[in-house]
Amino acid sequence: QVQLVESGGGLVQAGDSLRLSCVASGRTFSNFRTGWFRQAPGKEREFVASITSSGGTNYGDSRKGRFTISRDNAKNTLYLQMTSLKPEDTAVYYCAATPASSITYTYWGQGTQVTISS
């Protein structure tokens, strides 16, 4: 099993930057696909970004250019650097991971609240 714990959320002003972290425990993190998702009030959960064990990245919709996903395998930590934050970025952000053999993400954190004020 893998346990994921997000941190780094909070209340910031529009235009500010924020870095989210996700620490994994229980199993080796290095060979897992990892990603970030978010769910805003009244909205469906959406994909934000993902990164593979080799460093390949993928970004959803308009996040590319403002958000940067990275990981430190030695520290079993996943990061999401967010810049130029907008009120519409307000959401609960979740990190997720899955072995390469799994079709969908199988491990999820509890989420961290990110609120951007106007």
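**Disulfide, paired strands and aromatic contacts in a predicted model**

The torsion about the S-S bond of cysteine 22 and cysteine 95 is about 55 degrees, so the disulfide, a term applied here to a pair of cysteine sulfur atoms within 2.5 Å, is right-handed. Cysteine 22 belongs to strand S3 (residues 18-25) and cysteine 95 to strand S9 (residues 91-99), so the pair ties together parts that are 73 residues apart in sequence. Strands are DSSP runs of E with at least two residues, and they are numbered from the N terminus. The sulfur atoms of cysteine 22 and cysteine 95 lie 2.0 Å apart, and a search of the whole structure finds one disulfide. Both cysteine 22 and cysteine 95 are buried, where buried means under 20% relative accessible area, exposed means over 50%, and partly exposed covers the range in between (1.4 Å probe, protein chains only).

The structure is a predicted model, in which local features need pLDDT of at least 70 and side-chain atom pairs count only at pLDDT 80 or more, whereas totals for chains, interfaces and linings use all residues. Residues are numbered from 1 along each chain as its sequence is written, and side-chain values use heavy atoms, with hydrogens and water left out.

Strand S3 is part of an open sheet of four strands, which follow the order S1-S3-S8-S7 with antiparallel pairing. Strand S1 (3-7) and strand S7 (67-72) stand at the edges, each with a single partner strand, so one side of each is left without a neighbour in the sheet. On average, and with direction ignored, neighbouring strands of this sheet are turned by 15 degrees against each other, the axes being lines fitted to C-alpha atoms and the angles running from 0 to 180 degrees between N-to-C directions. Two strands are taken to pair if DSSP finds at least two bridges between them; S3 and strand S8 (residues 77-82) run antiparallel and are joined by six bridges, with leucine 18 having methionine 82 in S8 as its bridge partner.

Strand S4 (residues 32-39) is paired with S9 in the antiparallel sense over eight bridges, and within S9 the residue opposite glutamine 39 is valine 92. Strand S4 also pairs with S5, again in the antiparallel sense, over five bridges, among which threonine 34 has isoleucine 51 in S5 as its partner. The strands S4 and S5 form a hairpin with six residues between them, and glycine 42 in the turn has a positive phi of about 75 degrees. Six of the eight residues of S4 are buried, so this strand is largely enclosed by the rest of the structure. Arginine 38, which is found in S4, is buried, with a relative accessible area of 5%. The side chain of arginine 38 makes polar contacts (pairs of N or O atoms within 3.5 Å, where within protein one must be able to donate a hydrogen and the other to accept it, and where residues adjacent in sequence count only if both atoms are side-chain atoms) with the side chain of glutamate 46 at 2.6 Å and with that of aspartate 89 at 2.9 Å.

Aromatic pairs were assigned to rings of Phe, Tyr and Trp (its six-membered ring) with centres within 6.5 Å, planes under 30 degrees apart counting as stacked, over 60 as edge-to-face and the rest as tilted. By this rule the count comes to five aromatic pairs. The rings of phenylalanine 32 and tyrosine 107 have centres 6.2 Å apart and planes at 45 degrees, so this pair is tilted. The pair links distant parts of the chain, 75 residues apart, with phenylalanine 32 in S4 and tyrosine 107 in strand S10 (residues 107-108), and both residues are buried. For tyrosine 105 and tryptophan 108, the ring centres are 6.2 Å apart and the planes are at 65 degrees, so the pair is edge-to-face. Tyrosine 105 is buried at 17% relative accessible area, whereas tryptophan 108, at 27% relative accessibility, counts as partly exposed.

Ring pairs link Phe37, Phe47, Tyr105 and Trp108 into a cluster. Phenylalanine 47 lies in strand S5 (residues 46-51) and counts as partly exposed at 26% relative accessibility. A charge is taken to sit over a ring if NZ of Lys or CZ of Arg is within 6 Å of the ring centre and within 35 degrees of the ring normal. The charged end of arginine 33 sits over the ring of tyrosine 105, 5.2 Å from its centre, and arginine 45 lies over the face of phenylalanine 37, 5.3 Å from the ring centre.
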